[in-house]
Amino acid sequence: MAAAAYPFTTFNFSVEINRGQDGGALVAAAFSDCDGLDMSMEVKTIREGGANDRQIRLNGPAAYANLVLKRGMTANFDLWKWFSDSIVDPGLRADAEVVMLGEDGQAERARFRLARCVPIKMKAPALSAKDGAVAVEELHIAYESLVLIPGKG
């Protein structure tokens, strides 16, 4: 009998963003939240004349959600600079990878590769003098394709 497969946990992950021409990592900080690894496919339905008991279903185009990243704001303003640079140069793109890690923080469980990313929303933290909460900034990224690469462990 094969060993039971245990579900992956979500608390250990990394996000790697690399700008096109620069080649190096864009952000040197960790994110607390990552959401939007989502793809769907539109289905086209065709009715054949005289065949009232069935319909033909064809694959349509794939669609991708927006990646939403959150992190505590620091003196590293690379995300803000990327957004500003994308306004000046609308053709500027980056590639990103979201890596799910094992409980030990080392073993790679899965890697999601996002191609031709562009920042579409940058949100500053909500400010309040009432409490001492961490200032969390939020970045939304649109991407053109999503590929899952299974981990080795």
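I began with the surface: the protein chain exposes about 10000 Å², and carbon and sulfur atoms supply 55% of that area (Shrake-Rupley method, 1.4 Å probe; for residues, only the protein chains shown count as cover).

A note to myself: this is a predicted model, where local features need pLDDT of at least 70 and side-chain atom pairs count only at pLDDT 80 or more, while totals for chains, interfaces and linings use all residues. Residues are numbered from 1 along each chain as its sequence is written, and side-chain values use heavy atoms, without hydrogens and water.

Next I looked up the fold. I found one helix and nine strands in the protein chain (DSSP runs numbered from the N terminus: H or I of at least four residues for helices, E of at least two for strands). Along the sequence I read β-β-β-β-β-α-β-β-β-β.

Then I checked the dimensions. The C-alpha trace spans about 70 × 50 × 40 Å along its principal axes.

I also looked at burial. Of the 153 residues in the protein chain, 29% are buried (under 20% relative accessible area; exposed is over 50%, partly exposed in between, with a 1.4 Å probe and protein chains only).

How many disulfides does the structure hold? I found zero (a disulfide is a pair of cysteine sulfur atoms within 2.5 Å). C34 is in no disulfide, and its nearest cysteine sulfur, that of C117, is 11 Å away. C34 counts as partly exposed because its relative accessibility is 24%. C117 is buried, with a relative accessible area of 1%.
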